[in-house]
Amino acid sequence: MFSGLILAGGEGKRFGGPKAFAELGDGRTFLEACHATLRGAGAERVVATLPPGAEDPGFEGLDAINLSESGLDMFASVRTGLARLIDCPGWETVAVLPVDHPLVKSESVRALAESGHPAAIPSFGGKHGHPICFSRAVAEAIVEGAQTGPTLREVLRDAGARDVRVDDPGVVANCNTPEALATALAYVERSNVQR
């Protein structure tokens with residue numbers, strides 16, 4: 001069994017507002033798309049970190065947490081979300097998906113979660129992407145302060161992360177600005193046509 005963590009607590013200054021509530025062409029928010037991806041992959045429980053004061057979107061199976069303050073770095077957001085997940089028994093792996101990667105396929109998340117590695121990073125076209133997956137033991141080390149980062153890159157290195165190749169351009173499609181979203185949508189469409 002695995003769980004999911006959506007990192008959606010940023011202010012989204014470059015996007016013009018919180019990316020959690022930015023919309024895709026089909027009308028879904030980034031948060032909604034990421035939640036559907038994780039649930040579709042089989043995540044039993046999904047936690048999302050949201051900006052301070054943001055309203056809980058009320059998605060079934062989503063545990064939303066408002067961050068304590070604006071401007072927290074990603075690692076602090078990760079720790080906050082993992083602290084909530086650690087209270088829930090039964091899961092062995094967590095998939096951590098930044099909300100600005102709303103084009104990821106559920107199959108890619110499932111491949112990472114089922115890879116059997118203590119930590120796994122997706123790769124597409126020779127590039128690393130998101131989400132990342134790691135074991136409950138790694139998550140506990142982060143929450144307890146035994147693994148202090150300061151970024152997930154250091155945590156993954158220390159955990160001996162392995163690459164998992166996926167046939168999914170969405171894992172490398174970082175939609176952190178409206179222009180990047182347009183570029184990512186076009187890139188994913190081209191990649192799907194070329195297959």
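This is a predicted model: local features need pLDDT of at least 70, side-chain atom pairs count only at pLDDT 80 or more; totals for chains, interfaces and linings use all residues.
## Helix α1

Start with α1, which covers residues 30–41. It has twelve residues, so at 1.5 Å a residue it should span 16 Å. Its end C-alpha atoms are 17 Å apart, which agrees.

Much of α1 faces inward in the sense of accessibility: Phe-30, Leu-31, Ala-33, Cys-34, His-35, Thr-37, Leu-38 and Ala-41 are buried. An α-helix has 3.6 residues a turn, so residues three or four places apart point the same way. After α1 comes Gly-42, with a positive phi near 110°. Most residues other than glycine have a negative phi.

Ala-41 belongs to α1. It counts as buried because its relative accessibility is 6%, and the cut-off for buried is under 20%. Beyond its neighbours within four places in sequence, Ala-41 is in contact with Phe-2, Ser-106, Val-109 and Arg-110. Ala-41 and Ala-111 are 70 residues apart in sequence, yet their C-alpha atoms are 8.9 Å apart in space.

## The nonpolar cores

Which residues have the most contacts inside the largest nonpolar core? They are Ile-6, Phe-30, Leu-31, Leu-38 and Val-99, in a core of 39 residues. Several elements each supply at least two residues of this core: β1 (2–7), α1, β2 (45–50), β3 (62–66), β4 (93–98), α3 (106–113), β5 (119–124) and α6 (178–194). Helix α1 gives the most, with six residues.

Not counting residues up to four places away in sequence, Leu-31 touches Ile-6, Ala-8, Ala-20, Phe-21, Ala-48, Leu-50, Pro-57, Phe-59, Leu-62 and Val-99.

Ala-64 lies in strand β3. Ala-64 and Ile-6 are 58 residues apart in sequence, with their C-alpha atoms 9.3 Å apart in space.

Phe-15 sits in the loop between β1 and α1. With residues up to four places away left out, Phe-15 touches Ala-22, Phe-30, Cys-175, Asn-176, Thr-177, Pro-178 and Leu-181. The C-alpha atoms of Phe-15 and Ala-41 are separated by 27 Å, and these residues are 26 apart along the chain.

Gln-147 is in the loop between α4 (136–144) and α5 (152–158). Setting aside residues up to four places away in sequence, Gln-147 touches Phe-75, Ala-141, Ile-142, Val-155 and Asp-158.

| Residue | Relative accessible area | Class |
|---|---|---|
| Ala-64 | 17% | buried |
| Phe-15 | 17% | buried |
| Gln-147 | 16% | buried |

## Helices α2 and α4

Two packed helices are described by the angle between their axes and the distance between the axes. Helix α2 (residues 74–86) packs on α4 at an angle of about 115°, and the axes are 9 Å apart. The crossing is left-handed.

Which residues make the contact between α2 and α4? On the α2 side they are Phe-75, Arg-79, Leu-82, Ala-83 and Ile-86. On the α4 side they are Arg-136, Ala-139, Glu-140, Ile-142, Val-143 and Glu-144. By class, this contact has seven nonpolar, no polar and four charged residues.

## Two cis peptide bonds

Most peptide bonds are trans. Where does this model have cis bonds? One joins His-130 and Pro-131, with omega about 10°. Pro-131 is found in the loop between β6 (127–128) and β7 (132–135). Another cis bond runs from Gly-149 to Pro-150, with omega near 15°. Pro-150 lies in the loop between α4 and α5. Gln-147 is also placed in the loop between these helices.

Technical notes:
Residues are numbered from 1 along each chain as its sequence is written. Side-chain values use heavy atoms; hydrogens and water are left out. Helices (H or I, at least four residues) and strands (E, at least two) are DSSP runs, numbered from the N terminus. The expected span of a helix is 1.5 Å times one less than its number of residues. Buried means under 20% relative accessible area, exposed over 50%, partly exposed in between (1.4 Å probe, protein chains only). Contact means heavy atoms within 4.5 Å. A nonpolar core is a set of buried Ala, Val, Leu, Ile, Met, Phe, Trp, Tyr and Cys residues joined through side-chain atoms within 4.5 Å. Axes are lines fitted to C-alpha atoms, for helices over the stretch in contact, and angles run from 0 to 180 degrees between N-to-C directions. A crossing is left-handed if the near helix is turned anticlockwise from the far one by less than a right angle, and right-handed if clockwise. Ala, Val, Leu, Ile, Met, Phe, Trp, Tyr, Cys and Pro count as nonpolar, Asp, Glu, Lys and Arg as charged, and the others, Gly among them, as polar.
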